[in-house]
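Hello,

I am passing a structure on to you, and my notes on it follow below. Please have a look at it first and then read on.

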Amino acid sequence: MKFTVADLLDQLPPNEALPVAKLEKALGLSTKTDKEHLRIGLEGLTRLGLLDTTEAGLLRREDPELIAARLRCSSKGFCFALREDGGEDIYIRDNQLNHAWNGDRVLVKVTREGGRRRSPEGGVQCILERSTTTLLAQVEQQPDRLVATPLDDRLLTAVELPGGDAQYLDTDHSSVVEVAIDRYPVGQFAPQGHVARSLPVNGGETADLDLLMAKHHLSQRAAVPRATLKTLAEKDRVDLTALPVLLVEGWSGKEAPALPALSLEERDGGWTLWVHTPALAERLSNGSALDLWLRQQADALCLGRQWLPLLNAALVKAAAFKVGESQAAVSVALELNAEGAVEHFRFCRSQIRPVASLDQAALEALAERKPKSRTTPAALKPLKDHLPQLEAL
């Protein structure tokens, strides 16, 4: 399906009916098959008591007994639902999972209140969003069917494969397969899928990276949505361009994220440490497709010699700090006493102009430099005017 139950419910405004035709448009459904899937979903949600059908359209109902949560399961078959509202975790027995898998976002109903040293118990009433769309597995031939057995022992199920995938049977266990889920379990029917690719177990660094990305579902990140970035005005920004700002290049690797820029000012009885980050949020519209994409990605991830970046190329180009250029930033001033303890802090939107870049070689030379040494290592000569500030940092 092109949508999840969570997508469907998110499109329904509270206390207001929405015509089915508008819901189909909002979900981007145009084919007869997609609309039929929507009809089946709406009927199921109506039976659960989450929707009402009126002449004006669909009306979402709020049921306080249904609690949104994320499943965390163990290899022994028991699960806990971690509530999104921060309440106490709910214990879910294996016969109350209703085909939900580890990591799924679900609606849970409490069936037994918690007590002394006992968590409340409940059952899954509805699966809002599936977490697992692909999985690593071994292909096995059973008497009456070909299946993929997940390597993740928290997924207590086998996925049925088409007969053509028998070519991936591996008695030597020299490889594993990545299986794409075509149909999740429903009723008495087991999940179905197909082998997307075979991955060698001992194939070197590149193969290990493929295994890592497949295991953590990083191979198929959502595409970056198109967006027009806002141009930031210099008005209402604190002018910090006279402040010596140093760029620190601490991370390496392809598409490595930038570290915050730093500057230090001496003041009566201590120092003011400034930390500057690029102005990013101001360039986006709140709730836009790019904003939601960034929230979903959440992190920049290091994969050894390369990174999976958080920011897309357009944002990096627009916001990256450069030596000698005046740029918008978000800055925090940390007022430190003589012992280095924070006494006060304040945030501001600012305008900065970096004066120098501090790479790994300069950091190592600074660490090895003897105190009060009159000799300046070659790596630090471009930063000679800022050595007192660097040593204080």
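Strand β7 (residues 121-129) and β6 pair in the antiparallel sense over 7 bridges; two strands count as paired if DSSP finds at least two bridges between them. Strands (E, at least two residues) and helices (H or I, at least four) are DSSP runs, numbered from the N terminus.

Before going further, please keep in mind that this is a predicted model, in which local features need pLDDT of at least 70 and side-chain atom pairs count only at pLDDT 80 or more, while totals for chains, interfaces and linings use all residues. Residues are numbered from 1 along each chain as its sequence is written, and side-chain values use heavy atoms, with hydrogens and water left out.

Back to the strands. Val106 also has Ala69 opposite it, and strand β3 (residues 66-73) is joined to strand β6 (residues 105-112) by 5 bridges, running antiparallel. Strands β4 (residues 79-83) and β5 (residues 90-92) are antiparallel too, with 3 bridges, and there Cys79 stands opposite Ile92 in β5. What do these strands build? In the order β3-β4-β5-β7-β6, 5 strands close into a barrel with mixed pairing. From one strand to the next, the twist averages 50° (axes are lines fitted to C-alpha atoms, for helices over the stretch in contact, and angles run from 0 to 180 degrees between N-to-C directions).

Elsewhere, the second largest pocket is lined by 25 residues, and Ala256, Pro257, Ala258, Leu259 and Leu311 lie nearest its centre. A pocket here is an open set of points on a 1 Å grid over the protein atoms alone, where a 1.4 Å probe fits, with protein on both sides within 12 Å along at least five of seven lines; lining residues have an atom within 4 Å of a point. At least two lining residues come from each of β14 (245-248), β16 (270-278) and α6 (313-319), and α6 gives the most, with 4 residues.

Finally, the whole structure holds 20 salt bridges, each a side-chain nitrogen of Lys or Arg within 4 Å of a carboxyl oxygen of Asp or Glu. One of them links Glu43 with Arg39, with the closest N and O atoms 3.2 Å apart. Both residues lie in helix α3 (residues 32-47), 4 residues apart, about one turn of the helix.

Enjoy exploring!

Best wishes
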